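Hello,

Here is the structure for your files. My notes follow below it.

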2 protein chains.
Amino acid sequence: MPRPKGDHEARRRDVSEAVWQVLAARGFAGLTLRTVAAELGASTGLLTHYFPTKRALVEYALDLLEQRTLARRRAAGTRTAAPGGRAAPHGPGTLRDALLDILPMTPEAAAGNRIWVSSWDAALADPVLSAGHARRYAAGRDRLTERVAAAQELGALPPGDPAGIAAGAQSFVLGLVVQALFDPEAFPPHRQVELLDDYLASLSGRPGHHDGEGAPEGGAAGVP
Amino acid sequence: MPRPKGDHEARRRDVSEAVWQVLAARGFAGLTLRTVAAELGASTGLLTHYFPTKRALVEYALDLLEQRTLARRRAAGTRTAAPGGRAAPHGPGTLRDALLDILPMTPEAAAGNRIWVSSWDAALADPVLSAGHARRYAAGRDRLTERVAAAQELGALPPGDPAGIAAGAQSFVLGLVVQALFDPEAFPPHRQVELLDDYLASLSGRPGHHDGEGAPEGGAAGVP
């Protein structure tokens with residue numbers, strides 16, 4: 001007798017949660033059918049119904065990581081958005097919020113970033129997975145490009161190819177994520193904000209390296 | 001009868017080379033006593049003489065990666081340095097050379113960066129290894145800080161805390177490395193140079209996003 005549909009959906013949610021728990025505890029290096037089955041309290045055989053191959057499991061985990069990261073950032077954005085959701089009149093405005101949302105400013109964001117970094121080795125080792133990650137980062141740059149263009153319209157950023165500025169900004173925050181994960185003492189949240197604000201100030205043509213002069217007005221407002 | 005010393009040194013070189021070949025072919029995810037023994041054509045038992053634990057092997061491989069990376073960058077620097085080794089009078093000069101040397105501009109540099117990225121997951125999973133990587137990146141920032149200070153003395157960069165500028169520059173290139181490894185078509189060498197030059201131009205207070213106006217004089221000169 002076939003199970004009712006609701007049962008199947010519930011099982012899928014359980015599988016997602018088990019994959020997530022394994023990622024959080026062990027990263028992609030520890031992601032196997034066996035560890036997910038153990039987390040789920042199920043047999044490896046059941047898991048092969050969902051993931052016929054290791055690559056299918058990794059691909060699923062990468063999608064799950066993307067979904068949960070975007071959901072977390074949307075939630076953080078909702079919490080910190082100005083009333084009415086309008087861009088702040090100072091600095092590059094919502095570009096800054098988007099970049100802050102990527103940085104490991106909270107334990108939750110640090111844990112998510114830790115999983116992303118652990119995904120890079122697995123993804124680079126497989127052309128299909130690597131193409132998926134390339135697509136995800138390209139989509140991230142597209143989202144940043146929109147915010148750069150909006151900041152340019154407001155006059156908060158000078159003219160220039162918004163896609164190039166977005167690619168530079170994405171590089172800057174990804175590298176800062178790596179630095180902060182390895183050396184949280186050298187890169188506590190306030191230092192991350194300082195470095196990001198220096199970066200944004202120099203993009204705006206107002207370099208002022210954390211001497212307090214060039215930082216965008218509003219300082220750390222909007223930090224999650 | 002004890003083996004002569006020269007024999008021991010030769011064996012150490014063979015072990016280093018075997019570790020390097022495994023890293024190049026499989027990254028840190030594929031680095032085990034078994035794979036290194038197979039590459040060396042030796043028994044796993046012999047390897048445990050050199051590396052009593054998996055961590056000792058990974059630690060050794062991280063040191064080897066650092067040594068070989070610095071040797072490659074020094075060799076590239078020697079090839080591209082101006083006669084007399086003086087900093088070029090334009091732009092941030094040798095800071096730019098140091099940052100270009102990190103980027104995956106050549107197949108050799110791309111392979112080395114691929115190994116670095118594969119090391120991050122292994123290193124972050126272990127506090128001792130993580131501290132080692134933190135120390136390596138701090139040393140890299142110190143080297144960049146010297147170049148930032150030199151560029152400031154030449155008037156090629158405006159005043160400001162050189163350590164902060166160096167931390168920002170290291171973040172920028174590390175993130176660009178990750179982007180370029182995942183999407184070499186979107187980030188071919190000339191695009192990497194363009195983005196780096198835009199970044200350096202904005203640090204110099206001369207933003208000009210690859211419209212040709214703000215790029216440092218000399219363009220791609222000195223690219224390996």
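First, a term: a salt bridge is a side-chain nitrogen of Lys or Arg within 4 Å of a carboxyl oxygen of Asp or Glu. By that rule, the structure holds 16 salt bridges over all chains.

The model is predicted: local features need pLDDT of at least 70, side-chain atom pairs count only at pLDDT 80 or more, and totals for chains, interfaces and linings use all residues. Residues are numbered from 1 along each chain as its sequence is written, chains are lettered from A and ligands numbered from 1 in the order in which they are written, and side-chain values use heavy atoms, with hydrogens and water left out.

**Within chain A**
R96(A) and D197(A) form a salt bridge (2.7 Å, N to O). The pair links distant parts of the chain, helix α5 and helix α9, 101 residues apart. (Helices are DSSP runs of H or I, at least four residues, numbered from the N terminus.) Both R96(A) and D197(A) are buried, meaning under 20% relative accessible area with a 1.4 Å probe, protein chains only. A salt-bridge network links D63(A), E66(A) and R136(A).

**Between chains**
D121(A) pairs with R114(B) in a salt bridge, with the closest N and O atoms 3.3 Å apart. D121(A) lies in helix α6 of chain A and R114(B) in helix α6 of chain B, so the pair joins two chains. D121(A) counts as buried, at 7% relative accessibility.

D183(B) forms a salt bridge with R141(A); their closest N and O atoms are 3.5 Å apart. D183(B) sits in the loop between α8 and α9 of chain B, and R141(A) in helix α7 of chain A, so this pair also joins two chains. Both residues are buried.

Best wishes

Notes. Buried means under 20% relative accessible area, exposed over 50%, partly exposed in between (1.4 Å probe, protein chains only).
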